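Please open the model in your viewer and keep the selection tool at hand.

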Amino acid sequence: EILFGSTVQFNFCIGGKHKHGIRIRVRRRMMMIQYCAAVSHLHVPLHPTLDVSLPQTPPKAKVSETCSPKSSTRRALSLSAISTVFSVFVFSNNTCWSKPAISEFFELQSSGGVKALDLRIGTGDVPLNGDQVAIHYYGRLAAKQGWRFDSTYDHKDETGEPIPFVFILGSGKVISGIEAAVRSMKVGGVRRVIIPPSQGYQNTYQEPLPPNFFDRQRLFTTIFNPTRLANGEGSTLGTLFFDIELVSLRHQ
């Protein structure tokens, strides 16, 4: 607890150099700041240069109601100022605590332009050509504002469990973009991929296919729309987004 009327001293280290602290005098009485719980939830050790010094008892002198320019400036340092100091020290001081790495899309090697973002790295085996792999996926079409045309989570067995999509890696029956994505995944991994038209559907027989006829019709009449292809939209019509989970594999 920080009692109003106390003086709070913040000393901290940035870039390996000691910086002079910020001293805040809180003017109002009979109030307190509950800051200890918020800091304890960060689950990080206190930096050795952090020094918060508090007097044991608040001052008993009455606060004058007249406001000089100097006292008005001090009065402007409210609760938000103290919370800002804690936030800046904890979250902006890179020399004390490292920030979590942020993943980015990267282009898969020899994929024809497929870009991937690993949402979860698997811990199992990596499939090889000829292996039987099982995946769950969400498939979306960019030309339809991300319309989800298919998902294995909607394909249920008699017990209500979703049925994964199973195929032989390297068989050529599946669109190239999915094969390129799965080929470098580990079992248990989840990957989001952006598949350009050249690595997507080249005909209406390539898998995976939506089981619903109307979904298939809408998908292919958009990708292979002759009018829009003649207008030069071929580079965008067939762009696909897939979220893929590699569930299992079986070596053949």
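Predicted model: local features only at pLDDT ≥ 70, side-chain atom pairs only at ≥ 80, totals over all residues.

Residues are numbered from 1 along each chain as its sequence is written, and side-chain values use heavy atoms, with hydrogens and water left out.

**Helix α4.** Select residues 176-183, the helix α4, where 6 of the 8 residues are buried (under 20% relative accessible area with a 1.4 Å probe, protein chains only; exposed is over 50%, partly exposed in between). Helices are DSSP runs of H or I, at least four residues, and strands are E runs of at least two, numbered from the N terminus. Colour Gly-177, Ile-178, Glu-179, Ala-180, Ala-181 and Val-182 to see the buried residues of α4. Next, show β7 (132-141), β9 (165-168), β10 (190-195) and β11 (240-250), which are included in what covers them.

**Aromatic pairs.** Rings of Phe, Tyr and Trp (its six-membered ring) pair if their centres lie within 6.5 Å; planes under 30 degrees apart count as stacked, over 60 as edge-to-face and the rest as tilted. By this rule there are 10 aromatic pairs. Pick Tyr-138 and Tyr-153: their ring centres are 5.1 Å apart and the planes are at 25°, so the pair is stacked. Tyr-138 lies in strand β7 and Tyr-153 in the loop between β8 (147-151) and β9, 15 residues apart. Now move to Phe-213 and Phe-214, an edge-to-face pair with centres 5.4 Å apart and planes at 75°.

**Cluster.** Finally, select Tyr-137, Trp-147, Phe-149, Phe-165, Phe-167, Tyr-201, Phe-220, Phe-224 and Phe-242, which form one aromatic cluster.

Methods
Contact = heavy atoms within 4.5 Å.
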